[in-house]
Amino acid sequence: MRSKYVAPAKDAKQFHCIHCGAYAHQDWNPLHLHTETMRATSFSGSSCAHCGNITFWYGERIIVPSEAPVEPAHPDLPEALKPDFDEARGIVARSPRAAAALLRVLIQKLMPDPGQKGENLNEDIRNLVAAGLPASVQQALDHCRVVGNNAVHPGEIDLNDTPEIAHQLFAMVNFIVDDRITRPREIAALYESSARASLGGKQASSRSIKQLGGVGSRTSARPSLDCHRSRTHSLPATASDREHRAL
Ligand SMILES: [Zn+2]
């Protein structure tokens, strides 16, 4: 699971960098106008300890880069959808309604990746909830009019959209990716590695029995087999428990 997103804020010592996405320490410096004398301005710069890039502020507001302080796309968001996410990030400060429209389209385009048709969002989200997506996500999507009776057609500008709705949509895209793409993949990898370890252990144990031979040797080999058996039993069970929780 990813850590909680901490949005950049004026004079904050640490936040998620708008350039590299890392949660990193920030060094702040006021910007002066260098004329005959040094004149103070309302501009300042925060320098990221992780990537070294500078974010420029005017008062409380980020001026450069132009993206609003929105969490970056989840690394597992399909590559084809990243430009849409970044475009929405780039415009949300000036036009949250346009960003929300882009994100609704993005959510629909995302549906085939967790195995849905991508034709009827209501149906796709219902199926994802049946498969383990928290029902609260469906309620949040309903609130943001992605699904439900008052859903806005993807791509349409809805004049009732607020900046809060646009920001929630960014978070929901990343949550769906994390919950329905990343976690099942991690669980599958965990199960595969434990199954491989189990197979390797069995082969090693049968080799050790053959090498040792005899009744006494079989007795001495037994504890390691028992130990192995309990290990192979517990690991897949843990994986399946997690899978059960996730699916
Ligand atoms: Zn950075």
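**Note on the predicted chain**

1. The chain contains six helices and five strands; helices (H or I, at least four residues) and strands (E, at least two) are DSSP runs, numbered from the N terminus. Along the sequence, the pattern reads β-β-β-β-β-α-α-α-α-α-α.

2. This is a predicted model, in which local features need pLDDT of at least 70 and side-chain atom pairs count only at pLDDT 80 or more, while totals for chains, interfaces and linings use all residues. Residues are numbered from 1 along each chain as its sequence is written.

3. Five strands form an open sheet in the order 1-2-3-4-5, with antiparallel pairing (two strands pair if DSSP finds at least two bridges between them). Strand 1 (14-16) and strand 5 are the edge strands, each pairing on one side only.

4. Strand 4 (residues 54-58) and strand 5 (residues 61-64) are joined in the antiparallel sense by three bridges. Phe56 has Val64 of strand 5 as its bridge partner, and Trp57 has Ile62 of strand 5. In the hairpin of these strands, two residues lie between the strands, and Gly59 takes a positive phi near 60 degrees.

5. Of the 247 residues of the chain, 21% count as buried, that is, with 20 or more other C-beta atoms within 10 Å of their own, the C-beta atoms being placed from the backbone. In helix 1 (residues 82-91), the buried residues are Phe85, Ala88 and Arg89. They lie on the same side of helix 1 because they cover an arc of only 100 degrees around the axis, the arc being that of the directions from the helix axis to the C-beta atoms.

Technical notes: Buried ≥ 20, exposed ≤ 12 C-beta atoms within 10 Å, placed from the backbone.
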